[in-house]
Amino acid sequence: MRHLLSTQDLSVDEATELLDEAERFEQALTGREVRKLPTLRGRTVMTVFYENSTRTRVSFEVAGKWMSADVINVSASSSSAGKGESLRDTVKTLHAAGADALIVRHPASGAAHQIASWTEVDGDGPAVINAGDGTHEHPTQALLDALTLRQRLGSLEGRRIGIVGDVLHSRVARSNAHLLATLGAEVVLIAPQTLLPVGVAEWPVTVSHSLDAELPTLDAVMLLRVQAERMNGGFFPSAREYSVRYGLNDRRLALLDDNAVILHPGPMLRGMEIGYSVADSPRATVLEQVRNGVHVRMAVLFRLLVGTDSPGTQ
Ligand code: CP
């Protein structure tokens, strides 16, 4: 694996191996007073974020530091991008400065693929990890969601997973739909027609418009954040109508099977897509997802920068 740009590039074996590797890292760190492995000593990892982030940026930084990499954080607002430097010149600059891996978040769909293609032209460039490109993909989010589901449900084979809400603007939904299907799950998108993307018929999913009808059939429900920042000031249905039809409130929680789990990638809009008490219920995995995010990102960095089949946890 040279880059991680899309879950559509992962075979079932590659995806499973990344999840297994993440669990090996978790086990290797459990109970240690000093959470530091020598795995990436001497390697330089740069996070390059052109959009806001808490979970993804921090967990990549923690992952790199726990593996002894040198981690540099570049934010667009405080870099020379603010003076008009092009994305390509920024990438060439970070390559020249010694980056072994670039972890990129950008508002343009396809930005990570574009950067990866530039690194090929320049030869021997850094590995590129897509940390979210516009409305396109967020592969490490899907991997950490799959790990959380595997830990809570056992195998994903035959499990029915509902992805609910603003699918249109969600890179989390696309990455999850493909990865969960690769791992054998049955994925149903539950959304109003206005919040489904053109081309969804080519995704490996079924589509429903009724959350109430689907909830009793699900092993897991993944709620998406309503991405108002990508909606040019307005969306249909209205916020109130959305919350009434697609919000997971206390009444709807009772429709779920007792063993079903609730995921949210964060940040959550409590009272919109998820009820206040639902978000804190023991069936919600929000903070487990964050913890798994660190181990998944360790596994991805290990695979891309070391790349052997030997465990990266020594
Ligand atoms: N889930 C996710 O990508 O969160 P951040 O935007 O905080 O990184």
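Me: Where does the ligand lie relative to domain 1 and domain 2?
Reply: In this predicted model, the ligand lies between them, because domain 1 (7–137 + 290–305) and domain 2 (139–289) both give residues to the shell around it.

Me: Ok, and which residues are around the ligand?
Reply: The shell is made up of S53, T54, R55 and T56, together with G132, Q141, P265, G266 and P267; by class, two of these residues are nonpolar, six are polar and one is charged.

Me: What about the domains themselves, how far apart are their C-alpha centres?
Reply: The C-alpha centres of domain 1 and domain 2 lie 25 Å apart, and the contact takes 26 residues from domain 1 and 24 residues from domain 2.

Me: Which elements give two or more residues to the domain 1 side?
Reply: On the side of domain 1 that touches domain 2, those elements are α1 (12–29), β4 (127–133) and α11, with α11 providing the largest share, seven residues. That side divides into 11 nonpolar, 10 polar and five charged residues.

Me: Switching to helix packing, at what angle do α2 and α11 cross?
Reply: The axes of helix α2 (residues 55–66) and helix α11 (residues 286–305) cross at roughly 55° and come within 8 Å, which makes α2 oblique to α11. The crossing is right-handed.

Me: Which residues meet there?
Reply: From α2, the residues are R55, S59, F60, V62, A63, G64 and W66, and they meet V290, G293, V294, R297, M298 and L301 in α11. The residues of this contact divide into eight nonpolar, three polar and two charged.

Notes:
Residues are numbered from 1 along each chain as its sequence is written. This is a predicted model: local features need pLDDT of at least 70, side-chain atom pairs count only at pLDDT 80 or more; totals for chains, interfaces and linings use all residues. Axes are lines fitted to C-alpha atoms, for helices over the stretch in contact, and angles run from 0 to 180 degrees between N-to-C directions. Helices (H or I, at least four residues) and strands (E, at least two) are DSSP runs, numbered from the N terminus. Angles under 35 degrees count as roughly parallel, over 145 as roughly antiparallel, 65 to 115 as roughly perpendicular and the rest as oblique. A crossing is left-handed if the near helix is turned anticlockwise from the far one by less than a right angle, and right-handed if clockwise. Two residues are in contact if their C-beta atoms, placed from the backbone, lie within 7 Å. Ala, Val, Leu, Ile, Met, Phe, Trp, Tyr, Cys and Pro count as nonpolar, Asp, Glu, Lys and Arg as charged, and the others, Gly among them, as polar. A residue is near a molecule or strand if its C-beta atom, placed from the backbone, lies within 6 Å of it. Domain bounds come from an automatic or database domain assignment.
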